[in-house]
Amino acid sequence: MRSAVTVSLTASAVLAGGLFAGQAYAAPPVPSITAPGGFVMNNGTGATLYGKAADTRRSTGSTTKIMTAKVVLSQRNLNLDAKVTIQKAYSDYIVSKNASSARLIVGDKVTVRQLLYGLMLPSGCDAAYALADKFGTGTTRAARVKSFIGKMNDEARKLGLRNTHFDSFDGIGSGQNFSTPRDLTKIASSAMKNSTFRTVVKTKSTTQKVTTKSGGYRYMSWTNTNKLLSTYSGAIGVKTGSGPQAKYCLVFAATRGGKTVIGTVLASPSETNRAADVKKLLDYGFAR
């Protein structure tokens, strides 16, 4: 009788243990997002955690500027403290395109590092133009810009991205500026290997001292358009994007407990939807 009780208790314990173990390791439910395209991966292992139309080409808006920054930071013997004189062409471009701006002032001398902040925080298309002009090659501004965009496409090819193409330095393209959630995530993951890039994209706001045309100085203050940095614990980047075609995009990354989750949502119908989608995907990524 004692033996039978023991066997019964042992069997119950095994059953209960199996049940609890199953509950403990049950995969979380796959989230439903409003964005037509999304992708999430473990940044440490490269393992895919989530995908929705992950390889469908879409307009990327200002998330394009991740590649702009990556190309700049990949230059040999880069001097981040080198100064760039702001040209009238950059401000004219902003006006003509009604584009987002870092409010750079003609004649000011701004360092490459400061231009990267102006590029990634307020999403300055003037800063993007200045960087393309600085780091492209050619005897004319148009040639230098074309060269720089060529470098952006070269970088995409080096990463093995078959569904990405750039025809602009800032995302304001002419129909041939596109990528996918998977490709953009890979671009960001590669860019995040650079310490300067990581420092810039996790910065919520900054005030930078720049040299004026007359030799004096002024302070430029920039706030990051990526509200995730203030609303999601562990957020470390990366870049917002928006536009008539792109709608609302975000390439995002967060670190918790030594694990970094990185991903992209494209074409969310609103900022509110974008924020909700990203939170769902990050929570899901960390639960996996």
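A: Start at Val238. Leaving aside neighbours within four places in sequence, Val238 is in contact with Ile66, Met120, Ala188, Met192, Phe197, Val201, Asn226, Val251, Phe252 and Ala253. Contact means heavy atoms within 4.5 Å.

This is a predicted model, in which local features need pLDDT of at least 70, side-chain atom pairs count only at pLDDT 80 or more, and totals for chains, interfaces and linings use all residues. Residues are numbered from 1 along each chain as its sequence is written, and side-chain values use heavy atoms, with hydrogens and water left out.

Now the setting. The largest nonpolar core has 61 residues, and Val238 is among the five that touch the most other members, with Ile66, Leu115, Met120 and Phe197. A nonpolar core is a set of buried Ala, Val, Leu, Ile, Met, Phe, Trp, Tyr and Cys residues joined through side-chain atoms within 4.5 Å. Buried means under 20% relative accessible area, exposed over 50%, and partly exposed in between (1.4 Å probe, protein chains only). Helix α5 (residues 125-135) gives this core its largest share, eight residues. Helices (H or I, at least four residues) and strands (E, at least two) are DSSP runs, numbered from the N terminus. Another core lies apart, with 19 residues, including Val40, Phe252, Leu282 and Tyr284. In soluble globular proteins, nonpolar side chains tend to be buried together.

Take one partner of Val238. Ala188 sits in helix α7 (residues 181-191). Ala188 is buried, at 0% relative accessible area. Beyond four places in sequence, Ala188 touches Ile66, Val238, Val251 and Ile262.

Next, charged pairs. The whole structure holds 12 salt bridges. A salt bridge is a side-chain nitrogen of Lys or Arg within 4 Å of a carboxyl oxygen of Asp or Glu. One of them joins Lys70 and Glu155, with the closest N and O atoms 3.7 Å apart. This pair links distant parts of the chain: Lys70 is in helix α2 (residues 65-73), Glu155 is in helix α6 (residues 141-158), and they are 85 residues apart. Lys70 is buried, at 12% relative accessibility. Glu155 is also buried, with a relative accessible area of 12%. Glu155 meets Lys158 too, in a salt bridge of 3.8 Å, N to O. Shared partners join Lys70, Glu155 and Lys158 into one network. Lys158, at 66% relative accessibility, counts as exposed.
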